Amino acid sequence: MNGWTGQILRVNLTAKTFKKESFSEEFARKWVGGRGFAAKILFDELKPGIDPLGPDNKFIVALGPIAGIPAPNTGKAVVAGKSPMTGGYGDGNLGTRVAEQLRKAGYDALIVEGKAERPTMLYIEDDKVEFLPADAVWGQGTYATNDWIYAKYGKGVGVLNIGQGGENMVRYAVVRSLEGRAGGRTGIGAVMGSKLLKAVVVKGTKPIAQADPEGMKKVGHDDLRQVHQLDKQTGWSIQSTNGVLAWCNEVAALPVRNFRKTHHPDAWKVDGERLNNARIATYGCPNCTMRCGITIHDDEGRESELDYENIGLLGPNLEIFDLPQVASLNYLCDEYGIDTMSAGCVLSFYADAIDHGAVAGDYKFGDSEASKKLLGLIARREGEIGDLLAEGSLRAARKFGHGSEAYAMQVKGLDVAAYNCKFIPGMALAFGVSPIGAHHKESWVITFELKQTSRESYGPEKAKKVIELQRIRGGLFEYMVSCRFPWIELGWGLENYPKYFKLATGLDWTLDDFWTVSDRIYALMKLFWLREYPQTDRKLDYPPAVWFDPTNADTDGPIAGKHLEYDKYDGLLQHYYDIRGYDKRGIPTKATLERLGLAEEAKAAERFGSLT
Ligand code: PTT
Ligand code: SF4
């Protein structure tokens, strides 16, 4: 089968067994790869209601038809499982040599089941699979673990590993790969930890079957150059993702003080220009010619790679405007293997809850030393507070009570990304309807909304745009499995993806064919929710309550006195459901499921919750 190896590697850690399983061409065409494969496998194989941190959950690594091929930005992999943060389908997308090595080993996906008896490293080399002891690095951070692995196998292998956060099942633990790369903020690192799986190392030597290997070589080579030139012309990677910080501050969209404020006079101290000035090195994912990983020294001289999300949520959101201090918090998150974004939101929520008298404590906004200590307590689940904050802001709010849930900045249990939507209805909708909780990766509608429409509008054009972006970002890029930055940041055309798909698989698809796959996967993720939460309600698609609160409105700046309005937001949500063909609860109707080829899945879901 060109474009796919046609094989999945299934490993059972309890029994220490493994087998290769073939999948059909029909399966490949229907789900394509990455998120599509992972969602379908988890939907079919997980019993509803299982504990995400128990042995019944599965850890999946899934690749797409262009993953690992020398073409722009294809060095990415999807890691997935039932999310410990949300209880729904969860995944993340990270740069890793595993993309190329696993495909060369002969697999499009890896499924890890069960639980090891002792800390384990899985070593995969073509047809060989070894279950190796990892006691030597259990309890160690991700940097030491990486060094240990590289010392054994050299730097050419693909590596996924976890730190203390994953080992101790911090619900927002991530999977780490190369320098500066992390993914699976829905808690996929904790899923690895729950299985005592410290690391996965992959080496492959086989060719990847393609419909037109010569064509691919030429086009891939030319496009890698073209993307590099585009990056030079636009200058995007000078500030990389953090180029957006100054803009967010200007348009009142920056998270400041647990999202209480939307802008701050000191924001410039941590903006893209300052980050670039402090740069000591640049890292990137494999097959990337627009490398975006800007690395600086933290206050202790350690290398730390910073993106906008990390800076926004560990910096202004905690009222910390000292770049080396922010870098230090970021370094610790990377070392412990916990999500910088949820970590930032959990700490800001804690400070806010103390401020509002929901809980007693002396932690304060702006205190970077105390923040560092708390990160250590969280990663080790040490003491009552470390253990509780390791559960995420929603669960902590439920424990604190006193109305604090209103300002736990999360949707469906996943903390929000660094866009303060106090008065940005479309982006608030994008967070609300993201099928994995509040993640910006699904739909980043904010620039369209602020640059091309009125901020005041709750009209259908915003719901339509959210869906258009979901199809591309949460769809195409997550099942083809390649980085979206050439498209979003450099304007490298979407038409390149059908082109690569054809070179890899021989199939001549239009973009509309791809959007059908995107809609199918979104519908399946929703069915996953229905099975887990049969009483599911549209309120699950609401952003944090504090954004609707008039007493929380800004007192100065461009959106002074403004806030989201419930009735209008609900109308916008309804536009979204209507366009998607979902019912009033936000669940795809039977007709929609039928149209997307999900009749079987609908039947399976109906055993647990009703469909309309
Ligand atoms: C992603 C999320 C992001 S999104 C960031 S910064 W960003 C944070 N990075 C973290 C980190 O670093 N260390 C850490 N301990 N925790 C972190 N949590 C946060 O995780 C990432 C880039 C970025 S940088 C983005 S937007 C794009 N994301 C893509 C995506 O989701 N899909 C895709 N097809 N292409 C993408 N390209 C870009 O990749 P999650 P990476 Mg990450 C250190 O996975 O779970 O979605 O969380 O993968 O290889 O580091 O690249 O301003
Ligand atoms: Fe990785 Fe950044 Fe390149 Fe995307 S642009 S592939 S995230 S280095």
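A backbone N or O atom of Ile338 lies 2.8 Å from a nitrogen atom of ligand 1, a polar contact in the sense of a pair of N or O atoms within 3.5 Å. The structure is a predicted model, in which local features need pLDDT of at least 70, side-chain atom pairs count only at pLDDT 80 or more, and totals for chains, interfaces and linings use all residues. Residues are numbered from 1 along each chain as its sequence is written, chains are lettered from A and ligands numbered from 1 in the order in which they are written, and side-chain values use heavy atoms, with hydrogens and water left out.

Two further polar contacts with ligand 1 were computed. A polar side-chain atom of Thr340 is placed 3.1 Å from a nitrogen atom of the ligand, and a backbone N or O atom of Ala182 is 3.1 Å from one of its oxygen atoms. Ala182, which belongs to strand β11, also provides through its O atom the single protein donor to the magnesium atom of ligand 1, at 2.5 Å. Donors are here N, O and S atoms within 2.8 Å of the metal (3.2 Å for Na, K and Ca); water is not among the atoms, so sites may look incomplete.

In total, 32 residues surround ligand 1, the closest being Gly95, Ala182, Asp334, Asp339 and Glu478; a residue is counted if one of its heavy atoms lies within 4 Å. This shell comprises 10 nonpolar, 12 polar and 10 charged residues, where Ala, Val, Leu, Ile, Met, Phe, Trp, Tyr, Cys and Pro count as nonpolar, Asp, Glu, Lys and Arg as charged, and the others, Gly among them, as polar. Strand β5 contributes the largest share, 4 residues. Helices (H or I, at least four residues) and strands (E, at least two) are DSSP runs, numbered from the N terminus.

Around ligand 2, the shell divides into 6 nonpolar, 2 polar and 3 charged residues; among them are Cys285, Cys288, Cys292 and Cys483, together with Arg181 and Arg291.

How values were computed:
A polar contact is a pair of N or O atoms within 3.5 Å; within protein, one must be able to donate a hydrogen and the other to accept it, and residues adjacent in sequence count only if both atoms are side-chain atoms.
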